[in-house]
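Welcome! Take a look at the structure below, and then let's walk through some of its parts together.

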Amino acid sequence: MRQQPPHTSCVKTSNALGHVLAEDFKAPFALPRFDNSSMDSFALRAEDTLTASTETPLTLPVLRAQAAGDAAGNNQPGHSVEIMTGAAMPQHADAVIPIENVTTQSDAQGHVTHITLTCPVPVHDNVRFAGEDFAAGQHLICAGTRITPAHIAILYGTGTTHINVVTPPSVSIFTTDKEVSDDYDQPLGPSQIYNSNTPYLIAELQSIDIPALCAGHIGDDEDKFRAMLAAQKDAHILVSSGSVSKGKWDFIPTVLKELGAEILFHRVAIKPGKPVLFA
């Protein structure tokens, strides 16, 4: 069994919407897989129609009717095949004339037996060739692409029922500062505010299919912060709201340095919101 690359998972195509593709997707075969008719019409040899004109109409016998899904079969010189949209082009036919551009004759059962046309049919007219949509081996979806409904159509069009996607990171969000309250059903104290940051951040992450949860509220307690860090071993990303500025209880930068974290940046050039830390 093929081993999955790290940080990827295999999902059903039916469940892939919104996921990020982990590796380039190449067409396993060409599409269309075979030459076919682009409309309900009659397949014939273009060279057989060169003499057709209003003054000298050309009548061709119809060998049979061919539906989409039928074997391609053969056409014969000087004949035609009634053909439906998407049906494979018969051998020895290289053009298609729409049904509305011919006059038909039918037998008692209603089967078309002859068609009459009054102008030549250009070679390859109304024929969709194998590989017109894409060729075998062609890159169709690049790694890192978020799967949309259009990609779902491509995947199913190639018979692809499972794909490898990037496993989204798990995110834990915690809040600091003792004025913040998570007791939404209780009245606020005189110096309190409700916690709106955590629900907002969780909703934003969920909107891009990244799982997120609330790791709790540590207030202004440095020991609770250390304990929370120790407890969040499965989280790929920790997001804090507060305690990274220059105030008396802004202990997060100091604790992170003590624990060996690499501070990539601390402060950004915006106001308000300058004290942003990434470690």
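## Helix 2 and its cover

The buried residues of helix 2 (residues 197-207) are covered by elements that include strand 13 (171-175) and strand 16 (212-217). Keep in mind as you explore that this is a predicted model.

Which residues of helix 2 are buried? They are Thr-198, Ile-202 and Leu-205. These residues span an arc of only 65 degrees around the axis, so they sit on the same side of helix 2. In general, an α-helix has 3.6 residues a turn, so residues three or four places apart point the same way. After helix 2 comes Asp-209, which has a positive phi, near 65 degrees.

## Helix 1, face by face

Helix 1 covers residues 149-157, and His-151, Ile-152 and Leu-155 are buried in it. Looking down the axis of helix 1, you would find its buried residues within an arc of 105 degrees, so they line one face of the helix. Pro-149 and Ala-153 are exposed, on the face turned away from the buried side of helix 1.

What covers the buried residues here? Among the covering elements are strand 2 (25-26), strand 11 (139-141) and strand 12 (162-166). Gly-159 follows helix 1, and its phi is positive, near 70 degrees.

## The largest nonpolar core

The largest nonpolar core has 14 residues, and those that touch the most other members are Phe-42, Leu-44, Ile-97, Ile-115 and Leu-117. Strand 4 (41-44), strand 5 (58-66), strand 7 (95-98) and strand 9 (112-117) each give two or more residues to this core.

Setting aside residues up to four places away in sequence, Ile-97 touches Ser-41, Phe-42, Leu-44, Val-102, Leu-117 and Val-121.

## A buried residue in a loop

Asp-48 lies in the loop between strand 4 and strand 5. Is Asp-48 buried or exposed? Its relative accessible area is 17%, and buried means under 20%, so Asp-48 counts as buried.

Apart from neighbours within four places in sequence, Asp-48 is in contact with Leu-58, Pro-77, Gly-78 and His-79. Asp-48 and Leu-58 are 10 residues apart along the chain, and their C-alpha atoms are separated by 9.1 Å.

Phe-265 is partly exposed, and its relative accessible area is 36%.

Methods: Residues are numbered from 1 along each chain as its sequence is written. This is a predicted model: local features need pLDDT of at least 70, side-chain atom pairs count only at pLDDT 80 or more; totals for chains, interfaces and linings use all residues. Side-chain values use heavy atoms; hydrogens and water are left out. Buried means under 20% relative accessible area, exposed over 50%, partly exposed in between (1.4 Å probe, protein chains only). A nonpolar core is a set of buried Ala, Val, Leu, Ile, Met, Phe, Trp, Tyr and Cys residues joined through side-chain atoms within 4.5 Å. Helices (H or I, at least four residues) and strands (E, at least two) are DSSP runs, numbered from the N terminus. Contact means heavy atoms within 4.5 Å. The arc is that of the directions from the helix axis to the C-beta atoms.
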